[in-house]
Amino acid sequence: MSDRLKLYGDPISGNCLKTKWTADYLGLDYDWVALDILKGETRTDEFLAINPFGQVPTAVLADGRILTQSNAIMVYLVEAHNGALLPSDPYERACVFKWLFWEQNSHEPYIAGRRFRKAYLGHTDEKIDAEWLPRGEAALGLMECTVQDTDYLAGDSLTLADIALVAYTRLADGGGFDLSGFPSVRAWIARVEKALSIDPVPEAG
Ligand SMILES: N[C@@H](CCC(=O)N[C@@H](CS)C(=O)NCC(=O)O)C(=O)O
């Protein structure tokens with residue numbers, strides 16, 4: 001048993017980066033254990049003994065307990081430490097959770113899903129479910145309406161909602177989404193990247 005938090009992740013995965021950015025923002029002391037999902041490193045017997053789902057991110061807490069699912073890991077990190085990034089008011093806190101559930105249900109499957117298939121599996125549009133493009137665009141449209149009125153998704157300060165949603169939104173062009181039609185989302189991405197001290201994604205081409 002180690003006495004430091006361990007985060008297993010692959011940096012090509014937005015889900016993994018969410019947990020890393022949260023730990024960094026909170027100033028936590030942790031070890032990042034890099035696995036290559038494209039080489040099947042999450043499906044080895046050794047890793048399946050840690051996480052039988054065979055997926056990253058996976059957190060091994062300092063006391064040896066294991067936690068999976070990016071958004072659950074982020075919430076745990078915040079609640080177990082200084083509580084920044086989650087409002088204390090129950091309604092405002094629930095609004096952040098609303099975005100976390102929506103991200104996994106209505107955003108990530110289409111935006112991250114298309115990016116992974118196009119950028120890493122080399123799939124053409126014809127091989128990808130035709131519904132994913134309009135559904136991803138609808139998710140971006142909903143975000144555009146939201147951040148036209150507020151600096152951050154769940155109000156006027158950075159929360160876990162922004163970290164969860166920025167991870168794949170900033171990479172959406174890799175999935176064939178044109179962010180130029182979503183100017184408020186682009187401005188929000190830049191704002192969140194700055195708040196997290198992460199470098200902007202280089203322009204394609
Ligand atoms: N809902 C999960 C998704 C986890 C997931 O799909 N992980 C991918 C990387 S983004 C993975 O580990 N893929 C490798 C595999 O399934 O073998 C989360 O938010 O953590």
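**Notes on helix packing and the ligand shell**

1. The crossing of α6 and α7 is left-handed (the near helix is turned anticlockwise from the far one by less than a right angle; clockwise would be right-handed). Helices here are DSSP runs of H or I with at least four residues, numbered from the N terminus.

2. This is a predicted model, in which local features need pLDDT of at least 70 and side-chain atom pairs count only at pLDDT 80 or more, while totals for chains, interfaces and linings use all residues. Residues are numbered from 1 along each chain as its sequence is written.

3. Helix α6 (residues 160-169) and helix α7 (residues 183-196) have axes that come within 10 Å and cross at roughly 115°. α6 is therefore roughly perpendicular to α7 (65 to 115 degrees). Axes are lines fitted to C-alpha atoms over the stretch in contact, with angles from 0 to 180 degrees between N-to-C directions.

4. On the α6 side, D162, V166 and T169 meet V185, I189 and V192 of α7 (contact: C-beta atoms, placed from the backbone, within 7 Å). By class, this contact has four nonpolar residues, one polar and one charged (Ala, Val, Leu, Ile, Met, Phe, Trp, Tyr, Cys and Pro are nonpolar; Asp, Glu, Lys and Arg charged; the others, Gly among them, polar).

5. For the ligand, 13 residues lie around it, and S13, N15, I37, Q55 and S70 come nearest (near: C-beta atom, placed from the backbone, within 6 Å). The shell divides into three nonpolar, nine polar and one charged residue.

Technical notes: Helices (H or I, at least four residues) and strands (E, at least two) are DSSP runs, numbered from the N terminus. Angles under 35 degrees count as roughly parallel, over 145 as roughly antiparallel, 65 to 115 as roughly perpendicular and the rest as oblique. Two residues are in contact if their C-beta atoms, placed from the backbone, lie within 7 Å.
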